[in-house]
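I open this notebook to record what I looked up, entry by entry.

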Amino acid sequence: MNTAQQLPNPNFKDTWSFLEGGLDQIMKRFEQGLDRTRYALLYSAVHNYCAKSDSGPPQTVGLNSQNGRRHAAPPLVGGDLYEHLSEYLRNHLKEIRKESEQYMDEALLSYYTKQWVKYTTAARVVNNIFMYLNRYWVKREIDEDRKSDIYDIFTLTLVSWKKHMFEYVHHNVIHAVLKMVQKERNGETIETGLIKNVVDSLVSLGLDRNDSTKSNLDIYRDYFEKEFIKDTEVYYRTESEKFVSENSIPDYMKKAETRLNEEENRIQIYLHPSTNKTLIPTCENVLVRCQEDNLWDGFQSLLDGDKQDDLLRMYSLLSRIPDGLNPLRVKFEDHVKKEGLSAVERVAQAETVDPKNYVDTLLEVHKKYNDLVQSAFNDDSGFIAALDKACGEFVNRNKVCNGVSSKSPELLARFCDQLLKKSAKNPEEEELENVMNGVMTVFKYVEDKDVFQKFYSKMLAKRLVNSSSSSEDTEGVMISKLKEACGFEYTSKLQRMLTDMSLSKELNDSFKDMVKQSADGVSSSGADFNVLVLTAGSWPLSSPNNTFNIPDDLVKIYDRFVKFYQNKYSGRKLNWLFQLSKAELKENYLKSNKVRYTFAVSTYQMALLLQYNTSESYTYEDLSKNTALASDTMNHALGILVKAKVLLLQDGANVGDANSRYVLNKDFKSKKIKINLNLQMKTEQKAESEETHKVVEEDRMYLMQAAIVRIMKTRKVMKHMILIEEVITQLQSRFKPRVPAIKKCIDILLEKEYIERVENQKDMYSYVA
């Protein structure tokens, strides 16, 4: 039998009867298969019926471009097929629905999802069979908007499922899904594929009424998501309140973290991704927001116990809610401040505070909590700010500072001095870099950076002048770090000091070459003469205020150098800083010793000892006359020589007594071959420290006055309080100006007529050009 004989006549009755048998096979017995021949016949039956041309008057469907008259076109057939197909689907779904009534819970979901998969698979085949109907009749109906309930065939199958199946069973289906989810939350194993299939069906049923080719999530949200979210909130509210009342905060946090992870996994496994926007905030609100007070209260004990894992968990939970971390940051700041002050208080118990111990203590506290911020608080900017604020407090205002914020920068500078001096304890290069970075960490928190600068420059000057620096390269690295932190101006003088040292070396080499080439015997004294020529404005050094007679042994080479320098740099003046000079003398009078001692002495001590080349005994008055030293200076120099027993005191009880005599000790003995006699008295160190602080205060007054003038010159007129705030803002990178000091500077400038008060406005100033 050929194909044409198998096709029905293209009238509706025969065509529908033929199609209905095919629909039964597809919708009810699809698993038995549908061969290509049968499929082609069904498609052709639809095509032949819809393409037939009925007799009767033509229907106008278009305009003639020449005379404006409309063309005639055959009518489109297919409405009756569409209506009967709709009725067929309604009856078919009614049977499925009736059968579903015998199932409940998980069994219902199994039946529902099985029928859904079977139905939608068959629906795609039906859609292909009725493709001709879609292409012409359905398209025309939709385009002309004759009826709002006309859809393409596949969409019709979905609409039919929603109307004749889902609308009747959705209560039981959604209830069964929620029940399965609760079982899973209670720890039972469920078949997640069932829920996934239901969710997919709900998403597929969300059809856009304005455009049937598009889908939306209305069905999923209205029928399932709202109920699911409500059910979730009730479940976790009950569970969390019960759990937190029976367990510790760390245990509750583990529970909450686990629950949140479970819900996130639930979305990935069987919920629609859009549910994330409502499900996770709901869980966060119930599990975290509603328990935030309990979590905040438990934070301090975790800090005290250094429970890093629990702290990280608390941070992760509270970071999920708005402002959840703010109370933690406040408590963290207070805790770090308290720990820092407590650590420094232990250091302050010593009679004298060791700079290294002090700085190490500050760094130890900072490192501990900086590591905690990184590991437990995810480098959170708020916790970093809290750490910085706390460190700023205990670095500048602690037991050692004793109410004076300038003590920390002084001790930090002294620590740098210890670090950069030659010593057997100098760290290796890699360790040194770490220590220097630690110095910069403390430096960052120091408020009075100008105090540090003053002490550092004085100590750098001493290291360079006394050749006690461990390495000029290391000095350069430290200055570079300070420059990076505070800018070029802050370190310009420090950098100039290093430059002067290099230039002085070249100058000395030139001078020695000149001396070697000379034939006047100026170097016949055998003195190894080295001079440091330093720029006066860059070095924190002052000229001596006492007289001094240069020893005869050095006069010739001294004069020769002055002449050499003036010839090389005409117009420059040399101011000799004898109080900072030093010398090494080799003794030649202890005949019993096999080894010759070397005395490391100050210039003044050298001048005193060289007197003994001509005599073995001098009175105090003779030495004073020969050296022209002031009594205080000579007493200090003599005192050390007498204490070391290089000289013996006679005819007097104390050094400096009238007519006291000082005799060269020919029985001098020492375990060391090189004896350092160039020692600084503790009283001198204290006086120097006080003098440095005094200079800092004077410099601050000038800086504040300069800032006021600079601001007023720009602004012309300014209110009192705004001017004070502006001065503080401009200078706080170097130091924190005190308001009384700023007011004093304003009064000075008013007196000097740089600024004046505006008439009839007491709190207003104007700039005087």
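**Entry 1: a buried pair.** I note at the outset that this is a predicted model. I began with Glu239 and Arg259, and found that both are buried. Their side chains meet in a salt bridge, with N to O at 2.6 Å. I then looked up where the two residues sit. Glu239 belongs to helix α9 (residues 218-246) and Arg259 to helix α10 (residues 249-269), so the pair ties together parts that are 20 residues apart in sequence.

**Entry 2: a second pair.** I went on to Lys481 and Glu433, whose side chains also form a salt bridge, at 2.9 Å from N to O. Lys481 is in helix α20 (residues 472-486) and Glu433 is in helix α18 (residues 429-445), so this pair ties together parts that are 48 residues apart in sequence. I checked burial for each residue. Lys481 has 16% relative accessibility; the cut-off for buried is under 20%, so Lys481 counts as buried. Glu433 has a relative accessible area of 32% and is partly exposed.

**Entry 3: a pair between strands.** I looked up Glu584 and found a salt bridge with Lys674, the closest N and O atoms being 2.6 Å apart. The pair links distant parts of the chain: Glu584 lies in strand β3 (residues 582-586) and Lys674 in strand β8 (residues 674-676), 90 residues apart. Is Glu584 buried or exposed? At 53% relative accessibility it counts as exposed. Lys674, with a relative accessible area of 46%, is partly exposed.

**Entry 4: network and total.** I found one network in which salt bridges share partners, and it joins Glu184, Arg185, Glu263 and Arg266. My count of salt bridges comes to 39.

**Entry 5: helix α20.** I returned to the helix that holds Lys481. I listed the buried residues of α20 as Thr474, Glu475, Gly476, Met478, Ile479, Lys481 and Leu482. What covers these buried residues includes α17 (407-420), α18, α19 (449-465) and α21 (488-517).

**Entry 6: α2 with α3.** I turned to helix packing. Two packed helices are described by the angle between their axes and the distance between the axes. Helix α2 (residues 12-28) packs with helix α3 (residues 36-51) at an angle of about 145°, and their axes are 10 Å apart. The crossing of α2 past α3 is left-handed. On the α2 side I noted Phe12, Thr15, Phe18, Leu19, Gly21, Gly22, Gln25 and Ile26, which meet Arg38, Leu41, Leu42, Ala45, Val46 and Tyr49 in α3. I sorted the residues of this contact into nine nonpolar, four polar and one charged.

**Entry 7: α12 with α14.** I looked up one more helix pair. Helix α12 (residues 292-304) and helix α14 (residues 326-348) have axes that come within 10 Å and cross at roughly 35°. Here α12 passes α14 in a right-handed crossing. Trp296, Asp297, Phe299, Gln300, Leu303 and Asp304 in α12 meet Pro327, Leu328, Lys331, Phe332 and His335 in α14. The residues of this contact divide into six nonpolar, two polar and three charged.

Technical notes:
Residues numbered from 1 in each chain as written. Predicted model: local features only at pLDDT ≥ 70, side-chain atom pairs only at ≥ 80, totals over all residues. Heavy atoms only, no water. Axes fitted to C-alpha atoms, helices over the stretch in contact; angles between N-to-C directions. Helix = DSSP H or I, 4+ residues; strand = E, 2+ residues; numbered from the N terminus. Left-handed = near helix turned anticlockwise from the far one by under 90°. Contact = heavy atoms within 4.5 Å. Nonpolar A, V, L, I, M, F, W, Y, C, P; charged D, E, K, R; others polar. Salt bridge = Lys/Arg side-chain N within 4 Å of Asp/Glu carboxyl O. Buried < 20%, exposed > 50% of the residue type's maximum accessible area, 1.4 Å probe, protein only.
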